[in-house]
Amino acid sequence: MPVTVLLVDDEPLVRAGLRAVLEAQPDIEVAGEAADGAAVIPLVRRLRPDVVAMDVRMPLLDGIEATRALLRTVADPPKILVVTTFENDEYVYEALRAGADGFLLKRARPAEIVHAVRLIAEGESLLFPASVRQLAAKYGEGGGNRAARAALERARLTDREGEVLRLMARGLSNAEIAARLVVGTETVKSHVSAVLAKLGARDRAQAVITAYESGYVAPG
C-alpha cells in the first residue's frame, strides 16, 4: 500500500510543488490538499492519510494549533510533518512539542522531501536529529523544564531504556540501535515502545524533546 499524504499550505505553488515531487514516487500518493490548518480535521477524518505535511504558519489556524487540535480530537491520528521556511524557528520547536513527528524545509531537495515522508511514515528514526538538537539547545530551557523533569522521574526508565533513549536522541534507527547494543531489532522496538509509553510521548520526537528539556540528554 502506498503512503498517503495530505498537503496543508496556504501557498498553492508550494502544494503544487510538493504534489509533483511526491506523486512521482510509486509508493507515495497525495490524498488531498488544504489551504489552512482549520480544514485539517475534517479532511483527516474523511481521507485517513498516513502523513499530514503541514505549513507551520497559516492565516487562520497555524500548524502548531492544528497539530494540537488534530491529536486531541482524532483517534489514531496520522503522522505530522511540519513544513517550514526557516529551520531555526521557535514555531518549529513548538510544533514538535505539540506532537509533530518532524519538520522539513520548503527549500529541501526533492530527494529530501521523499525521504522525510517515508521516514516519518515508518516512525523508526528521528528526522534531522542535529537540527532537533539545535532547536532544543536554543528553546529547550537548558534542561530546566519542570514538566519534562517530572515526566522523566515518573517514567523510572531502566538502564537499558535510558541507553535506548540516548541513542534515539542521536538519531539512530531501530536497526542501528540494535547493532550498537548487539540485540535484535524486535528487542529494540520493545524498548522504544516502553520508553514512549513511560514518558507519555506520542513519538520519538516528543520523547527526545522531553529528554533534552529535562536535562537527561544534553542537546549540545
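Colleague: To begin, where does Asp76 lie?

Modeller: Asp76 lies in the loop between helix H3 (63–73) and strand E4 (79–84). Helices (H or I, at least four residues) and strands (E, at least two) are DSSP runs, numbered from the N terminus. Please note that this is a predicted model, in which local features need pLDDT of at least 70 and side-chain atom pairs count only at pLDDT 80 or more, while totals for chains, interfaces and linings use all residues. Residues are numbered from 1 along each chain as its sequence is written, and side-chain values use heavy atoms, with hydrogens and water left out.

Colleague: What is the phi of Asp76?

Modeller: Asp76 is not a glycine, yet its phi is positive, about 50 degrees.

Colleague: And is Asp76 buried or exposed?

Modeller: Asp76 counts as exposed because its relative accessibility is 65%. Buried means under 20% relative accessible area, exposed over 50%, and partly exposed in between, with a 1.4 Å probe and protein chains only.

Colleague: Turning to H7, which of its residues are buried?

Modeller: In helix H7 (residues 146–155), the buried residues are Ala148, Ala151, Leu152 and Ala155. Viewed down the axis of H7, they fall within an arc of 95 degrees, so they line one face of the helix. The arc is that of the directions from the helix axis to the C-beta atoms.

Colleague: What does the face turned away from that buried side carry?

Modeller: That face of H7 carries the exposed residues Arg146, Glu153 and Arg154.

Colleague: What covers the buried residues of H7?

Modeller: The cover includes helix H10 (185–199) and helix H11 (204–214).

Colleague: Which residue caps the N-terminal end of H7, and what follows the helix?

Modeller: Asn145 is the cap, with a side-chain oxygen 3.0 Å from the backbone nitrogen of Ala147. H7 is followed by Arg156, whose phi is positive, near 50 degrees. Arg156 is in the loop between H7 and helix H8 (159–169), and it counts as exposed because its relative accessibility is 69%.

Colleague: A change of topic: how many aromatic pairs are found in the whole structure?

Modeller: The search finds two aromatic pairs. One of them joins Tyr93 and Tyr139, and it is tilted, at 6.1 Å centre to centre with 35 degrees between the planes. Rings of Phe, Tyr and Trp (its six-membered ring) pair if their centres lie within 6.5 Å; planes under 30 degrees apart count as stacked, over 60 as edge-to-face and the rest as tilted.

Colleague: Which parts of the chain does that pair link?

Modeller: The pair links distant parts of the chain, with Tyr93 in helix H4 (residues 90–98) and Tyr139 in helix H6 (residues 129–139), 46 residues apart. Tyr93 counts as buried because its relative accessibility is 0%, and Tyr139 counts as buried at 18%.

Colleague: Then strand E1: how many of its residues are buried?

Modeller: Six of the six residues of E1 (residues 3–8) are buried. Val3, Val5 and Leu7 point one way, whereas Thr4, Leu6 and Val8 point the other way. In a regular strand the side chains alternate between the two faces of the sheet.

Colleague: How many bridges join E1 to strand E2?

Modeller: Six bridges join E1 to E2 (residues 28–34), and the two strands run parallel. Within this pairing, Val3 stands opposite Ile28. Two strands pair if DSSP finds at least two bridges between them.

Conventions:
Contact = heavy atoms within 4.5 Å. Polar contact = N/O pair within 3.5 Å; in protein donor to acceptor, adjacent residues only side chain to side chain.
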